[in-house]
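I opened my notebook for this one and jotted things down as I looked them up. Come along and have a look with me.

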Amino acid sequence: MINITFPDGNIRQYAAGTTSLDVAKSISEGLARVVLAASVNGEVRDLSRPINSDATITFHKWEDKEGKQTFWHSSAHLLAEAIEALHPGTKFGIGPAIENGFYYDIDTGDKPLTFADLPAIEQKVLELARQKNEYLRSEVSKTDAIKYFTEKGDEYKLELIDGLQDGQITFYQQGNFTDLCKGPHIPNTESIKAVKILNLAGAYWRGDIERAQLTRVYAITFPKQKELDEYLVLLEEAKKRDHRKLGQELELFMFSDKVGSGLPLWLPKGTAVRQRLEDFLKKEQIKRGYQPVITPHIGSKKLYVTSGHWEKYGKDSFQPIMTPQEGEEFLLKPMNCPHHCEIYGYRPRSYRELPVRIAEFGTVYRYEMSGELHGLTRVRGFTQDDAHIFCTEDQLKEEFLGVLELTRFVLAKLGFDNFTAQISLRDPNDKAKYIGTDENWRKAEQAIIDAAAEVGLNTVTAFGEAAFYGPKLDFMVKDALGRSWQLGTIQVDYNLPERFNLKYIGADNAEHQPVMIHRAPFGSMERFMGVLIENCAGKFPLWLSPEQFAILPVSDKFVEYSYQVKQALEAEDLRGVVDDRNETIGRKIRDNELKRIPFLLIVGEKEVEAGTVSVRKQGEGDQGVVSVAAFAEMVKGML
RNA sequence: GCUGUUGUAGCUCAGGGGUAGAGCACUUCCUUGGUAAGGAAGAGGUCGUGAGUUCAAAUCUCAUCAACAGCUCCA
């Protein structure tokens, strides 16, 4: 007999060799019907795998992340079976589950898959699912595995097998389809009741730009048709929050072919929001001892040769600007750090004045590849809420903590509670990509890890995601469609101080090299605005909103009073407009609701006589009548 | 940059080898209306750009630019 421990600490005894499914059945038939996989000693496994010794067990249902992942991974196999049935000779790459659904990379040879093929494939998936085939696991020798896929002619699978060790290779089969896979899988295809192929796209084999481009088929499945329908509605809703769409509807920003791609033009309303964000952070930074500076938009090429950026990015950047002077070259600045290094180094520095915190909303230009451009979140000209902190080794951790505090303060103020803090470290297997000594890297990485741990920040660690000059801590936030974007960033840099030969005089009257922290709580104004727009669905917080109120006269007889109210509110530092169009009140309400104006003030005969306004809150309807002064007080109380 | 899709009025889109259409927005007039679309009339486009095929191209072909999705990249 073996002891099985359940998540609640209960222990029950079973015969050795019992399966997770048997264990589930012993608890209830109901559980056995809905369970998809089980974690045995922390490893997610097939329900049919026997358990031979004492173990802890956790069951995974559709509601769990592990349950969904297993369900979708199994669905990927089913999708492959359907594609193979309809398009014989298709070669298969990999087909993992992703956050929402799964994909399979396929190579259909010279007959590419088109959107017209998709309905038939979806039908086939459902047809195969209804065959109620089991997912059968088998352990296969490397020789047999190679033999199978050689006969099938699938070189992608052969390449995958090549990287595996004999004795660790498993196949899974359902119906007529056998795949190289380490599992786990759900027991049977019958629980897959609804499928939608979401997208087709190119993807390089093994992510390598030099290799073949396969067709990546994105799809999602559900155990109930209703859940699929709801998911598709959710996707549609998310598209409505897209900042590119809202930016146009709310007249926040635009792009112009004549200006150039990736170069946003900020319209008055977008500018109003952005400037308030800037003012907010500038004030906070002053409180925290930052010193604002201003530097030019270009810098001599020599500056970037010194910094090392020319060597690293020069050929992929906006190319140097020539001058009438032979041999003189300037670069549009792609970052502010070198300018700030020059400011730090313009005179000798004493340890007494460290840390020096140099801040600038600096506009930079980077020639991003055309395919990378994306609304406001990936552009070629953008403004960083940049600052560089020059400090001693001993001050590093405290400064890092201070920046962490500021960044979290900023995110909280703007309503971002769903961020991920990512610690980006070197790829330990490819140190050649980075500059600087091992010793400095080790120190910098440790400082970040320690500081994050000290404030109890929940972090994920990403190896290979560091900047080429140092490790960093990034705050990642998702957009309306679930894509992750880096917003705030904090980076430790031992490299630039060295390249610019920056020094300070210590208490020992000797020269020392300061450490540099790059940091930007917003990241860039453009990207932050983009993600902010999506996060609030265009309904900006009251203090940021371009217009806080709109006054809607019931007829043009009340326009004059409307302007008096507007003046009175502006005297209270509130901002808004009068909708004096010759339109019905219903129309004015509708149009201004759609502009996401927080408060609509309706005025007619009654209001004029009583000196009041009838208040309507965005999205919440009529709030009743109050005096103008009372309204002003109420709004100010909400700021 | 790569693969695929798209490009027609300010916006959303229909059409399609014989020189352009709808709704909304806009302008004017009527209406003076009380909590999410009042009525009428009018104006507005060399169909992304450039070549080619054709008696004829917005429509077909090629190139180019831009946008979208994913990949790759992100100082």
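**Ground rules.** I am reading a predicted model, where local features need pLDDT of at least 70, side-chain atom pairs count only at pLDDT 80 or more, and totals for chains, interfaces and linings use all residues. Residues are numbered from 1 along each chain as its sequence is written, while chains are lettered from A and ligands numbered from 1 in the order in which they are written.

**Chain A.** I looked up the secondary structure and found 20 helices and 35 strands, taken as DSSP runs numbered from the N terminus (helices H or I, at least four residues; strands E, at least two). The C-alpha trace spans about 80 × 75 × 55 Å along its principal axes. Of the 639 residues, 36% are buried, meaning 20 or more other C-beta atoms within 10 Å of the residue's own, placed from the backbone.

**Y290.** I located Y290 in the loop between α9 (268–287) and β18 (291–292). Why is Y290 counted as buried? Because Y290 has 21 C-beta neighbours inside 10 Å. I also checked I389: 99 residues from Y290 in sequence, yet 8.7 Å away in space, C-alpha to C-alpha.

Methods: A residue is buried if 20 or more other C-beta atoms lie within 10 Å of its own, exposed if 12 or fewer, and partly exposed in between; C-beta atoms are placed from the backbone.
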